[in-house]
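Grab your viewer and work through the exercises below. Try each task before you read its solution.

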Amino acid sequence: MQTLKIVVTGPFSSGKTELIQSVSEIDVVSTERKISQEAERIKQQTTVAMDFGRITIDDELILYLFGTPGQRRFDFMWEILSEGMLGFVVLVDSTRPETFREARRILDTFRSYSPVPYIVAANKQDLSDAWPPEDLRIVLHVEPGVKVVPCVATDRESVKEVLLELLYSILELVDEE
Amino acid sequence: MALKGRLEDFGITQLLNLINLARKTGTLYLEGAQKNSYLCFREGKLIYAALEGVEDSLPVILQRANVFTAEQVRMIQTNMAGRTDRDIAQVLITSGRLQQQVVVKSVRDAILDLVYQIFSWHEGQFRFEPSKLPVQGKITTSIALENVIMEGSRRVKEWERLQDELPDLDIPLKFAERPTTPLRDVNLSVEEWRVISFVNPSNTIRQIAQFNNMSELQIRKIVYSLLQAGLVEIIRPPRPTVAPASARQVPEGMPQPTAAQMQRPAVKRGIVQKLISRIREL
Ligand SMILES: Nc1nc2c(ncn2[C@@H]2O[C@H](COP(=O)(O)OP(=O)(O)OP(=O)(O)O)[C@@H](O)[C@H]2O)c(=O)[nH]1
Ligand SMILES: [Mg+2]
């Protein structure tokens, strides 16, 4: 049995739990807590350790999706989660420019952990305030060759597209057998 | 899709950079702490700017540029009431009273002057409307944003330095354990005293600003100078104990790997293809 891992990271409340939930065959094992700090009370729950979703590929192969906790005070978890990952998704809430700087910082941190392929997913594209992916590419200084794709984490088809785009990027780097 | 947000989070420099790189056409509306403004762009070039409280009719611009006297401006305004700036310019130029280059330069300088004022705005709302260009009858120009950004950033250097020195306002302050100078021997401004009086491990810098009704820029300046003077210290959150892997993989000062240099994932091609077909059929 081989297990593979993709990490979904991004700022607080960018939609990581939602994204994993949309494609996981198990209920996301997430460690949600009610939010206590006033400053962060823009939603009811937050992930405090990690999210954990699963997609069984076949008898020998399982893909795990790990979501990082959004709040900075849990970032000691990041490196542990990134160990051995196939690639990662940086999920950004496209409607909240106040989180873009943080998104860039997270992107840099993960890249420094492991130089595996990654993509940026511009989430919440169903909302009218969403910044378009092309603009996010510019403001996040995403390097050429790395994809910035639109995403609606609540929509399974959209999430599939995000994962596929990441896998295509991975495929490009894998040798012919 | 609208681009909107707060200048606190996404500053003027970043906005102009985006407009420049994406070659956008449209109008950037700004609601600052004191005034409103709008800047118009065509294909990433600045063509017009207006700022609340700054009269932007052509005669007044020409007066500010010392091309006309107040008296002359009054005459023009009386004789050509209701005409657009374009009409006025055309009449003045064809009658030989004004050279076209003078109009172009004066308008350009006036627009740049406004934009540089706006660079100092660090608070407020912005919104970019791609379809709008409210410049009917106005004399527009075409200014490459690179230069504007360079000059503007030079002017906001101070703000950015403060931002770097003090990236996080959600941390508390405490009095320095061994201050180099006792507090009573230091000359503090009223503002600085007001901040000092709230220094306490249970108040974050942001809260202190709120108690005192201070803007981010104000509180940053004050806290920065108090830190520099060694009077207060930041209470840092505990650091993670794991050393960052970056130290192992990318030696300090070395460029980060680019997409082209990305490591080949330790996985077989067939496996990635299996993942792809499985996810496709989900
Ligand atoms: N409209 C819309 N809402 C979304 C989308 N994705 C997530 N949300 C909402 O955004 C909020 C945050 O989503 P979460 O999945 O909890 O975000 P998270 O990244 O796991 O947050 P933390 O674990 O706290 O960092 C929730 O209210 C979601 O329902 C989306 O694509 N569109
Ligand atoms: Mg979560």
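Here are some exercises with worked solutions. This is a predicted model, where local features need pLDDT of at least 70, side-chain atom pairs count only at pLDDT 80 or more, and totals for chains, interfaces and linings use all residues. Residues are numbered from 1 along each chain as its sequence is written, chains are lettered from A and ligands numbered from 1 in written order, and side-chain values use heavy atoms, leaving out hydrogens and water.

**Exercise 1.** Work out how H1(A) and H5(A) are oriented to each other, and which residues make the contact.

Step 1: Two packed helices are described by the angle between their axes and the distance between the axes. Helices (H or I, at least four residues) and strands (E, at least two) are DSSP runs, numbered from the N terminus. Axes are lines fitted to C-alpha atoms, for helices over the stretch in contact, with angles from 0 to 180 degrees between N-to-C directions.

Step 2: For H1 (residues 16–23) and H5 (residues 156–173) of chain A, the angle is about 95° and the axes are 9 Å apart. The two helices are therefore roughly perpendicular (65 to 115 degrees).

Step 3: H1(A) brings Leu19(A), Ser22(A) and Val23(A) to the contact (heavy atoms within 4.5 Å), while H5(A) brings Arg156(A), Val159(A), Lys160(A) and Leu163(A). Sorted by type, that's 4 nonpolar, 1 polar and 2 charged.

**Exercise 2.** Find the strands that E5(B) pairs with, E1 and E2 of chain B, and say how each runs.

Step 1: Strands pair if DSSP finds at least two bridges between them. E1 (residues 3–6) of chain B is antiparallel to E5 (residues 124–129) of chain B, over 4 bridges. Look for Arg6(B) opposite Gln125(B).

Step 2: E2 (residues 26–32) of chain B also runs antiparallel to E5(B), joined by 6 bridges. Here Gly32(B) stands opposite Gly124(B).

**Exercise 3.** Locate Glu43(B) and Asn66(B), two non-glycine residues with positive phi, and decide whether each is buried or exposed.

Step 1: Glu43(B) has a phi of about 45°, and sits in the loop between strands E3 (36–42) and E4 (45–51) of chain B. Its relative accessible area is 53%, so Glu43(B) is exposed (over 50%; 1.4 Å probe, protein chains only).

Step 2: Asn66(B) has a phi of about 60°, in the loop between helices H2 (58–64) and H3 (70–79) of chain B. At 69% relative accessible area, Asn66(B) is exposed too.

Methods: Angles under 35 degrees count as roughly parallel, over 145 as roughly antiparallel, 65 to 115 as roughly perpendicular and the rest as oblique. Ala, Val, Leu, Ile, Met, Phe, Trp, Tyr, Cys and Pro count as nonpolar, Asp, Glu, Lys and Arg as charged, and the others, Gly among them, as polar. Buried means under 20% relative accessible area, exposed over 50%, partly exposed in between (1.4 Å probe, protein chains only).
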